[in-house]
Amino acid sequence: MTTAKAVKNVPPHPMDALLRTERIPHIWCPGCGIGTVFSAVLAAIKNTGWDPNTIAMVSGIGCTGRMAGYIRLDSFHTTHGRALPFATGLKLAKPDTKVIIVSGDGDLFAIGGNHFIHAARRNMDMTVVCVNNFNYGMTGGQQAPSTPLGAKTTTSVNGSPEEPFNLCDLAATCGATYVARWTAMQVRSLRSSISEALEKRGFSFVEVITPCPSSFGRRNRMGTALEMMKFYQGRSVIRSDINPSEALVDIDREIVVGKFVDTERPTFMDHYAKVNRLNLPQWRAMHSDHQKGR
Amino acid sequence: MNGDEACCEGALAAGCRFFAGYPITPATEVAESMSRRLPEIGGIYIQMEDEIASMAAILGASWGGVKSMTSTSGPGFSLMMENIGLGLCTETPCVVCNVQRAGPSTGLPTLVAQGDMMQARWGSHGHYEIIALSPSSPQEMFDFTIRAFNLSEYYRLPVIILADETIGHMNERVIIPQEEDIEIVNRRKPTVSREDYLPYEADADGIAPMANCGDGYRIHVTGLTHDDRGYPAMDAKAQEKMITRLVDKIRKNRDKIIRTQNLYLDDAEVVVVSYGISARSAMQAVRDARGEGIKAGLIKLDTVWPFPEELIRGVAPRLKAMIMAEINGGQMVLELERAACGACPVSLVSNFGGAILHPGLILNAVAKAAKEKP
């Protein structure tokens, strides 16, 4: 985490309308990939054409969790691992709100793992963007459930003795209706996947393999931020529509990217309304009138 | 109906339309009632994966503009501490009902205790003030649950109902008033434009108007120490300012929040202080003592937090003794000693849980204290 002095006379950014510009500069390190992912999220949100007052962002704790503090939407920076249950309450209280969750691999899959499993099982209608940088960045680079076997972190100096999760496979197994993975270098595919995920009715999940040059890269001798980004891109192989259990993330061989799941099934609210014979507020179908920002 | 069911009906009467919970004895009947009743009136019941998630979900629902609550018992209350802290820091109205059982750990799941009093006060990390109410009957479960919602909406914080297994499972008549006779308080909404709105800028009484998600104010809410804009502010000055306001909004309104029911206090020489189910044992003991000609009195704490220290400080100097009756190893008695401040002797009648206090035990303590020379 570094801080920088505010730069004066910066020309307007195309995403300024969606940014809390008074909070810039952000806290992310030089070369960090989170900014790229954040840009893709902003572009995807802008692309939907939805009224910004009907979109909320919820995050957990960690470097990625800070996104919620920079976006000019109703935004909630919650406790470590608890973004999903918080978002569940928010969504059910206000079903016509589009809820986006952004958080890191440690937040979503270690301390928040149980919540992830159940939010996906319930098919809560929300979009999760997970920045996977293979370690805990905010606290200085510790081992995470995504850390590759043998990779060095401050708490695995001889190499991690644990096998990591395949996050996309986990999401698919738990019932997510949309699952995709890209590296932070594949900006167009990433943006387009986040757009699709936002438009998706149900629990959608996008994993982004993201360089953390200050911690993970440095301890594993992966070079500069740019080298790291190119390395991930170079290792990536697009294999859309394969079984996510075969979509491995092996930084020594290949990182399988693509869209692995795109399906439909009833959401929690669909079932809730049906079993209770309720006439609840309808989920906002993504018709053209919404794209105009009704 | 039983106390747990009365809690559910009180919540619905107060306007609660979202419940997230996890089954746990002896609070399960609150969730069961909610799961049956909420869909009937267009509300949402969701059974979460654990109590951590339940607490997080009711905070989310509250920011969605819906009055929300959860219920639990000791083990679940422990898990909720993390997000009770988030609710306090972000000033989120909601209600947590803890139907206490004996602990620590799994303890006696089906049997009564009052061992979570200090946990309710200090269980989440950091410094804060809290509001907790302790009902002594199913009727009070109903009434206090409504009051808990009103206090939470007005003062913007999670309000805790510290019930106990006996009250939760006791069946008594509960009178539900007509809708128009029930006082309902709703959160204060901002009246200024989005540009002028500062989410944590308080009015004169220390309470900041609250914009819900989707109201167009595009709020940022964080559990980090924050400034009036709601933005993280990482320094001692911001911490001092924020916590001072969080603490003062309760401390400075103590007289409006604190409620006690006092019996025979005017001429009492020995006063029993109690709450929850123990207050009923205490009331019997005090009546029996009066029957024996002992000038006994009772202070029943309807609000256990904040503790009524001014009241105690006022009466202690003219008493022979004060006695705390509670089902734990002595928790609220510490507050009683602190408030009495040596002005009269303070003692404890208690057990560690599993059974309610026999009125005879309290009567013996009262009779003994009454014989002491002042």
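Visitor: Which residues in H3(A) meet which residues in H3(B)?

Guide: This is a predicted model, and the contact you ask about brings together A:Pro85, A:Phe86, A:Gly89, A:Leu90 and A:Ala93 in H3(A) with B:Ala53, B:Ala56, B:Ala57, B:Leu59, B:Gly60, B:Ala61 and B:Trp63 in H3(B). The residues of this contact divide into ten nonpolar and two polar, with no charged residue. Two packed helices are described by the angle between their axes and the distance between the axes.

Elsewhere in chain B, five strands form an open sheet of mixed pairing, in the order E9-E11-E10-E13-E14. Its edge strands are E9 (260–263) and E14, each of which pairs on one side only, while neighbouring strands are turned by 20 degrees against each other on average, direction ignored. Within this sheet, E10(B) (residues 270–274) runs parallel to E11(B) (residues 296–301) and is joined to it by five bridges; B:Ser274 has B:Lys300 as its bridge partner in E11(B). Helix H10 (residues 276–291) of chain B lies across E9, E10, E11 and E13 of that chain, running at about 165 degrees to E11(B). E13(B) and E14(B) also run parallel, joined by five bridges, and together with helix H12 (residues 332–340) of chain B they make a right-handed β-α-β unit.

Key: Residues numbered from 1 in each chain as written. Chains lettered and ligands numbered in written order. Predicted model: local features only at pLDDT ≥ 70, side-chain atom pairs only at ≥ 80, totals over all residues. Heavy atoms only, no water. Pairing = 2+ DSSP bridges. Helix = DSSP H or I, 4+ residues; strand = E, 2+ residues; numbered from the N terminus. Right-handed = clockwise from strand over helix to strand, strands pointing away. Contact = heavy atoms within 4.5 Å. Nonpolar A, V, L, I, M, F, W, Y, C, P; charged D, E, K, R; others polar. Axes fitted to C-alpha atoms, helices over the stretch in contact; angles between N-to-C directions.
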